[in-house]
Structure formats: C-alpha cells, structure tokens
Amino acid sequence: MRLLPLDHPGTADHRSPGRFLWWLARGQWKTLAGGMAFGILWMSTQAVMPAVIGRAIDRGVADKDGTALLQLAGLMLLIGLVQAASGIMRHRFAVTNWLIAAYRTVQLVAHHTVHLGGTLPRKVSTGEVVAIGTSDISHLGQVMDVSARFAGAVVSFFLVAAILLQTSVTLGLVVLLGVPLLMLLVGPLLSPLQTRSARQRQLMGELSNTATDIVGGLRVLRGIGGEQVFHDRYRRESQTTRRAGVQVAKIQSVLDALQVFLPGLFVVVIVWLGARYAVSGRITPGELVAFYGYSAFLMIPLRTATEFANKVIRARVSARRVCRVLSLTPDVSEPALPAPAPAPGSELHDARSGLRVRPGAITALVSEQPDDTAALADRLGLCSAEVDDDVTLGGVPLTQLPRADVRRRIVVSDTSAALFSGRLADRLDVTGRARTTGDLERALFTASSDDIMDALPDGLDTVVTERGRSFSGGQRQRLVLARVLTIDPEVLVLVEPTSAVDAHTEARIASRLRAHRSGRTTLVATSSPLMLDAVDEVAFIESGVVVATGTHRELLDTHARYRAVVTRETELVPVGDA
C-alpha cells in the first residue's frame, strides 16, 4: 500500500478534518467506487423486489395465470441471486475500504512520527498517539465502510420514489418529501453529538497518558509507595471519562431510537394511505402489497443515511486529532540547499559550550548537573528543541546538512532509550546485517551481556515484552548499548550508558568499549570513575561551558571542582576555585 509523500499537494495541509477525509477517499477511490457500485446494485435489487411481488399477486394469483406466476417467480429468484452476489461483493469492498483507510492513517502517522523524531514527545503526549492507533482509525475506517451502503441508499430512495410516482402521485410525493423531512428532524442532534464526542475523545487521550505513566513507572511507584496515589488519580480520570461517555451515549441513544421510530412512523403512514387507496379501488391488492414492501424497505435507506451522518461526525472528530499530529513540524527542518558533506573523521565542535570532540578518540563529558551534559548530547545529534548553527561537523553546521545524513553519522543513545517488543535478535540488529557479520556478537560482548544471553532459554530468539519489561534495569541498559554498538556510527554519543550496572560489569564495559570503538569517535556523558579512567580525554562542564579538559588523572590532580564531582565529595568547591 503506497503512501503519498508528505509534501504532496493533497497532504500539504492537514489542518482541516474535511480535507484529510477527502485525502483518504481520493487515495482509495477505486475501491470506494467499487463498493458504491455494488452497494447501489445491492439496494436497487431490494428496491424492485416489492414491485415484482405485487405484479405476481395481480397477474399470477388474482388473474390465475400460472405461466405469468412462474415467470415472475423466476424473475424474483434471479433478482435474489443478484442481490446475494452483490451483497457479498459490497461487504468485501466495505471491509477493504475500512482496512485501507485505517492502515493508511497508521502508516501516515508512523511515517510522520519518524519524520518528527525527538520533536514528537515534546509536542504531543504518548496517549494521544496511542489513541489514534486504537479508536481513531476505527472511526475513520467506518466512514469509508458505510459509504457503499449510503450510495445505495440514495439511489434506491430515488428509484422507489420514481416507482411510486408512476403508481400514485400522492404516495410518491409522500416518499419524496417525507424522507428528507425525517432527516431534518435528526439534524439538531448531530451538532451536540459532535461536541460531546470531541470532549470524550480528549478525555480518553488524557486517560491513556495516565495509564502509560503508571505502567511505565510501576516499579518506581512500588518502591516509594505511590501506587495508591496514582490509583486514585486514575480512578478519578476514568470516572470523568465515563461520565463524558454517558453524555455521548444519551444523544446516541436518542439518535438510535429515532432511527427506528421515524422509519416505523413513515411505514405506518404509507401503509395507511395505501390501504385507503386499495379500499377505494384506486390501486390493486398487488400494488398495496408492493407499497407495504416499499415502506418496509425504506427503513433501510433511512437508517443508513442516519448512520452515515453519525459516523461522519465521529470521523471528523478523529480526523481533527490526526491532523493535530500531522500538522507538527520538526524542530530541525531540511535545508533548502544542503551543504557538501564533511569528510569522514571530521571534528565535532560546539561553539556554545566550547566542546571539541577529537576524531577517533573517546571523550567523556562530566558535569555536576547531569542534565547539562544530557542537553549538550542532544544538541550534538540534533535531538534537542534548541536548534542553532553552533554545532558543526568538519566546520559545517549540522543544520545545513540533510537530517538523514546527520542521523546516520551521529547517533545519540540516552537513558530513555527502550527496547521494543518482538524477537530479541531483530531488536538488537537494527541494520539487518550485524548477525551475518558477527557485529552483534561483538556488541553483546562489549556490553558484557553474556550472562543475559545465558539466562535466556531461547537466546536471541527470545521474544521481548513491551519496552523490555521482562529485563531488569541494568540488563535493558546493556542490551540498549549493544544495539547502538551494532549500528557502528561515525560518531557515537552515549549518555550515562552504565548508570544501572554494578561496578564489575561497568569496569568490563569500560575496558572493552575502547577496543570496540577503535578508530571511531565516541563521546560518553558520565561521572563514573571507572568509565573516566578508560577514556582518552575528559571535558569538564560548568553552567553549560567547558571549563577544563585533560585526562581523568590530570583533572583529578589539578581541578578541585572536577575532583569533588567525580569523587562525590559532600561539600563541593566553590565555582572558580580550581
């Protein structure tokens, strides 16, 4: 299933729900047209059936003409077969339309999510995106699903009206004018339904956020005894969402009731008028039966039209949420005229902090405030909301290079990196070639993950649970490190890669990392003495600026502030006192 490019004229403006729905429909017009064609044929065969039955009663039963009765019975059989075949095809197209609309939306949102990168979690919540992949795609698919039946309902309505007009002008006008009038009676309910549905959709997104936070931090909550607090919070929010759902259901129930009551009332009127005409001799008994069949059949187009309006409203609410995500733009845009790519092995430099990362060496970033080094690491990989021309690679600002090239050459792995669910080997070998070249085994060895592999009965074929929750914090951290090592980028930025492992494991990782990254540029944000003792150079940062550089041993001997941070002295030396 091919997606249109994000800059395609049909998808340039995703701010309008109507335009987004039109974009979806235009992208699958062939299957929509097929579904509508079979929907029209399906309902039209149902619409003409009462006429054939009426003729069979008048010409076959009343006139006692066995031949005519047999011919009309054969015609009814043929119409029934066409109706059955067209109904099967209509349903197949309806399901196809549902799936195409739903999963094209999923593909588009996923594509845009990758396009946004680190911008997404800063601008929209996780629950909002999750809700798109659950309830919203269902509503968007349903409006494409019902389109086939709605087209058939419209055509069959005019077909029945034309047949009735030929039999009785009065009854034909009752149908032609009565059905739109009934639809107008339903109209006032649609606007409050849309408002309440939008409110419920917002609350569902917020509730998903809370649930995600609770599941993600369950271990921490148990450790600090905060389970009850979040339990009460979730309960309050779920009750608010429930009440909003009840408000939607109140209007929905009235709408559903009118879908039964109004067509039923319409049937009563048509049958009453037809019975009066039959008694007076203005129509035949067969035509009376046909009128009753038409009035009963018209309940289907009426209910289908009401269902279509209802689903369009829900789809517009969902489309508005999808458009909100699609309207987000990344913090870093593609340069209009990309600069020539710097040569491999170029120096990474940040003018704001004064940091220079020597090519082919392992450099450590140390700060009293870990957030400062983490923020700097994000800026070095264009992962930060603060984007400027201060960071350069080989003298070329990263903002002037294509983002794909920057992501390929500079990879940042921070403490929030997680493991996705699926087969472990596939989650670690993101390039798809590390297992065949032996790079995955080397990466696992460097990350000191031997004990993890030995404890897994299925080894690399083990299925990882959601976010790797089946592993401990230290195990996840080592597996994440192994994953990023398999990529083997030109510049690798690691943020606290060993903060959750014990000292012996950390020492092994520190000693093996040098050999693994030999000849490649590596930057490690850490304050661990074991890691610092294994790097080539240390840059000490205060207030976001590099104030000292040198080896770990040199800075321990010459810089009091650095020594206080690394050795965890309780009273730090005042800033400026080296």
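The following dialogue explains how terms are applied to this predicted model.

Me: What is the basis of the numbering and of the values in this model?
Reply: Residues are numbered from 1 along each chain as its sequence is written, and the model is predicted, with local features needing pLDDT of at least 70, side-chain atom pairs counting only at pLDDT 80 or more, and totals for chains, interfaces and linings using all residues. Side-chain values use heavy atoms, with hydrogens and water left out.

Me: Why is β3 called largely enclosed?
Reply: Strands (E, at least two residues) and helices (H or I, at least four residues) are DSSP runs numbered from the N terminus. A residue is buried under 20% relative accessible area, exposed over 50%, and partly exposed in between (1.4 Å probe, protein chains only). In β3, 6 of the 6 residues are buried, so the strand is largely enclosed by the rest of the structure. Ile 362, Ala 364 and Val 366 point one way from β3, while Thr 363, Leu 365 and Ser 367 point the other way, and all are buried.

Me: Which strand is joined to β3 by 5 bridges?
Reply: Strand β11 (residues 537–542) is joined to β3 in this way, and the two run parallel. The bridge partner of Val 366 in β11 is Phe 540, and Ser 367 stands opposite Ile 541 in β11.

Me: What makes the crossover from β9 to β10 right-handed?
Reply: Strand β9 (residues 491–495) and β10 run parallel and are joined by 5 bridges, with Val 491 having Thr 521 in β10 as its bridge partner. The chain crosses from β9 through helix α18 (residues 503–516) to β10 in a right-handed β-α-β crossover. That name applies because, with the strands pointing away from the viewer, the path from the first strand over the helix to the second runs clockwise.

Me: Why are β6 and β12 said to stand at the edges?
Reply: An open sheet of 6 strands has the order β6-β9-β10-β3-β11-β12, with mixed pairing. Each of β6 (410–413) and β12 (545–550) has a single partner strand, so one side of each is left without a neighbour in the sheet. The twist averages 20 degrees from one strand to the next, where axes are lines fitted to C-alpha atoms (for helices over the stretch in contact) and angles run from 0 to 180 degrees between N-to-C directions.

Me: Why is the contact of Arg 423 and Asp 426 called a salt bridge?
Reply: A salt bridge requires a side-chain nitrogen of Lys or Arg within 4 Å of a carboxyl oxygen of Asp or Glu. For Arg 423 and Asp 426 the N to O distance is 2.8 Å, so the pair meets that cut-off. Side chains of opposite charge can pair when their charged atoms come close. The structure holds 19 salt bridges.

Me: How do you know that Arg 423 is partly exposed?
Reply: Its relative accessible area is 29%, which lies between the limits for buried and exposed. Asp 426, at 40% relative accessibility, is also partly exposed.

Me: What other salt bridge does Arg 423 make?
Reply: The side chains of Arg 423 and Asp 461 meet in a salt bridge (2.8 Å, N to O). This pair links distant parts of the chain, 38 residues apart, with Arg 423 in strand β7 (residues 422–423) and Asp 461 in the loop between α16 (450–455) and β8 (463–464).

Me: Are Glu 542 and Arg 561, which form a salt bridge, buried or exposed?
Reply: Both are buried, and their closest N and O atoms are 3.0 Å apart. Glu 542 lies in strand β11 and Arg 561 in helix α21 (residues 560–566), so the pair ties together parts that are 19 residues apart in sequence.

Note on methods:
Pairing = 2+ DSSP bridges.
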